[in-house]
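Here is a short briefing on a protein model and its ligand. Look at the structure first, then read the points below.

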Amino acid sequence: MRVLVKGAGVAGLTSAFELAARGAAVTVVEARRCLGGNASWMAGGMLAPWCERESAEQPVLDLGRDAADWWDAVLPGHVTRAGTLVVAMPRDAGELDRFASRTSGYGWVDEDEIALLEPDLAGRFRRGLFFPGEAHLDPRRAMAALQEKLAGSGVEFHFGVDAKDMAGFEREIDCTGMAAGDERLRGVRGEMLILHAPDILLSRPVRLLHPRFPLYLAPRANHHFMVGATMVESLSTGPVTVRSMMELLNAAYSVHPAFGEAAIVETGVGIRPAFPDNLPRVERKGRTVAINGLYRHGFLLAPAMAQRAADLVFGSDKPAELADETDCQRRSA
Ligand SMILES: Cc1cc2nc3c(=O)[nH]c(=O)nc-3n(C[C@H](O)[C@H](O)[C@H](O)COP(=O)(O)OP(=O)(O)OC[C@H]3O[C@@H](n4cnc5c(N)ncnc54)[C@H](O)[C@@H]3O)c2cc1C
């Protein structure tokens, strides 16, 4: 079966993988000239279904709990399974209790245990929450590796081409995110920074709770750190604002003052596609299956969404249950 995948974000790449694995002849078309620059490129890469449950509905946990296994199986060596550490400044200590009351899969850690997990944070926080089952990856390295793997296994890529200009496919998977033109979608702007801090070593994402600006640091290779991310109801792709920059830098500095000496190597903005209930959808209309609304959870939920899309393409879904199959909220209610 010849299948066209529109969009080379995380939804498109994971779909291409699932379809090719089931024997489809897959072509991926991407409007940008190369991989990157989209929402997926700006992501933190946290595979954190238990932490995300703090603000997300149960389906995010249900659909995301196997994501690290999927990424690990597809891209061995890319997933770091070191959990997530959640901390708060003493004045915001109540935020930890609130976060704990809305989540599961954690243990409380005291100052000594925090120092054991992250020696560079010794003495900085009196208590925190540790989510041992969580993982993270570098989204850019993962996307590049996945594209290379797909290309190596015969998936065709066309960059700098609008999907409208492609024809002759039996099935199409629409993974164009905000560009899909779905009137139900809204954009949630996420601003992020990448810092280079040679004096700091963190082994896992560290979330700093705050009543208004909960932010996180996700470690990357060679003492680089992604600091993210704002949540602004806006479609603007304009540069990071001064207010957001101050909040992001404050968070980094609060986690460790040595971030004061870090170099800001990148600022970026991504628009998260979100449905009104902030849950993703896989929907079929005729020959097209659309994956969208990945919101804050693209890397976490794309594997499950891609598998479901492939089920629909190959007809292994049961038509009578299609509505339930495509509506995550109802399915897990
Ligand atoms: C700052 C930030 C941090 C985040 N952190 C995390 C995180 O830690 N963990 C997590 O799981 N998620 C995270 N997310 C969420 C995640 O990034 C998104 O949910 C995900 O990227 C959405 O992926 P997508 O493939 O649907 O869209 P996109 O990545 O936007 O990809 C859509 C692609 O379609 C292409 N396209 C559009 N129109 C056409 C066309 N006509 N023809 C061809 N191609 C087209 C676009 O160019 C684009 O490349 C974060 C998001 C942001 C912004």
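Two strands pair if DSSP finds at least two bridges between them. Helices (H or I, at least four residues) and strands (E, at least two) are DSSP runs, numbered from the N terminus. This is a predicted model: local features need pLDDT of at least 70, side-chain atom pairs count only at pLDDT 80 or more, and totals for chains, interfaces and linings use all residues. Residues are numbered from 1 along each chain as its sequence is written, and side-chain values use heavy atoms, with hydrogens and water left out.

**Strand E4**
- Strand E4 spans residues 84–88.
- E4 pairs with strand E6 (residues 127–131) in the antiparallel sense, over 4 bridges. Here Leu 85 has Phe 130 as its bridge partner.
- E4 also pairs with strand E11 (residues 206–209), in the parallel sense and over 4 bridges. In E11, Val 206 stands opposite Leu 85.

**The ligand**
- The ligand is surrounded by 34 residues (a heavy atom within 4 Å). Among the closest are Glu 30 and Tyr 295.
- A ligand nitrogen atom is 3.0 Å from a polar backbone atom of Ala 31.
- A ligand oxygen atom is 3.3 Å from a polar backbone atom of Ala 39.

Conventions
A polar contact is a pair of N or O atoms within 3.5 Å; within protein, one must be able to donate a hydrogen and the other to accept it, and residues adjacent in sequence count only if both atoms are side-chain atoms. Buried means under 20% relative accessible area, exposed over 50%, partly exposed in between (1.4 Å probe, protein chains only).
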